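Please look through the structure shown here before reading the notes that follow it.

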Amino acid sequence: MPERYGRVVAPIYRSDSMSRPDYVGTGVLVRDASNYWLLSAAHVFGEHDPLWLPTAPAFKRVRSTIRSDKYSTDPLDLSFIELNFPEAAGLESAGYEFLPISAAQITASEYPEGRCAILGYPAAGGVTINHDSESIDYRALIARSNFVKRSKVSLLRLDPKVKLVIKYEDFSEDVTGKKIGIPIPSGLSGGAIWSCPKDAEPVLVGILTEWDRKKKILIGTQLWPMIRQIALRLRARANE
């Protein structure tokens with residue numbers, strides 16, 4: 001997977017009881033024309049307000065405050081926050097990128113098969129917070145695996161029209177290809193799920209929402225229900 005894809009995911013923080021950054025999960029940055037969005041799992045956003053995205057490896061430089069204008073599509077556990085242009089420009093100048101929505105699966109389609117990858121920031125290995133030195137180190141990691149077959153998704157009492165199930169592998173790599181173990185994928189919630197067809201560019205197909213330790217599977221929600229809600233919001237705004 002090209003290294004540039006690591007720049008479209010971001011670690012998300014809230015402020016703890018001592019007003020220090022506390023890591024809560026991963027978000028995915030996408031854009032459509034002049035509209036910019038931060039996508040994640042609804043439980044990552046939760047009731048935390050404000051939320052923060054780091055723009056440099058120091059607490060005092062974590063200034064990208066995200067407004068609490070968010071929409072949840074529970075029980076799918078998806079949520080999004082709209083960013084204004086100055087916020088988006090600030091993130092881009094800090095090294096992030098917004099994925100064009102054309103690079104995502106935005107309509108309901110066949111359940112994906114074959115190879116896939118999850119891109120995000122596991123709490124173990126992807127994010128390090130040192131409160132003593134007031135520093136943050138963060139790097140996106142890639143967990144490569146395979147989608148569980150559609151027939152088995154139904155047996156798990158999940159709807160393959162909206163859910164994604166992935167075989168859990170307890171290893172990953174950073175965006176340079178260096179192998180890194182992540183025995184516990186905590187912090188990957190809200191991360192990007194990519195379908196990785198052979199000899200073709202990866203396609204963003206969903207958002208990771210949970211993992212089942214006993215069944216050794218990762219579970220996500222397909223992207224299209226959230227894209228539909230975003231489209232409805234834009235349409236309503238245009239008609240105002």
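This is a predicted model: local features need pLDDT of at least 70, side-chain atom pairs count only at pLDDT 80 or more; totals for chains, interfaces and linings use all residues.

Residues are numbered from 1 along each chain as its sequence is written, and side-chain values use heavy atoms, with hydrogens and water left out.

**A residue in a strand**

- Ser40 lies in strand β3, residues 35-40 (strands are DSSP runs of E with at least two residues, and helices are runs of H or I with at least four, numbered from the N terminus).
- Ser40 is buried, with a relative accessible area of 0% (buried means under 20%, exposed over 50% and partly exposed in between, using a 1.4 Å probe and protein chains only).
- The side chain of Ser40 reaches the backbone oxygen of Thr26 at 2.7 Å.

**Helix α4**

- The 15 residues of helix α4 (224-238) should span 21 Å at 1.5 Å a residue, which agrees with end C-alpha atoms that are 21 Å apart (the expected span is 1.5 Å times one less than the number of residues).
- The buried residues of α4 are Trp224, Pro225, Met226, Ile227 and Ile230.

**Salt bridges**

- The structure holds four salt bridges (a side-chain nitrogen of Lys or Arg within 4 Å of a carboxyl oxygen of Asp or Glu).
- One of them joins Glu97 and Arg7 at 2.9 Å, N to O, and this pair links distant parts of the chain, 90 residues apart.
- Arg14 forms another with Asp22, with the closest N and O atoms 2.8 Å apart.

Notes
A polar contact is a pair of N or O atoms within 3.5 Å; within protein, one must be able to donate a hydrogen and the other to accept it, and residues adjacent in sequence count only if both atoms are side-chain atoms.
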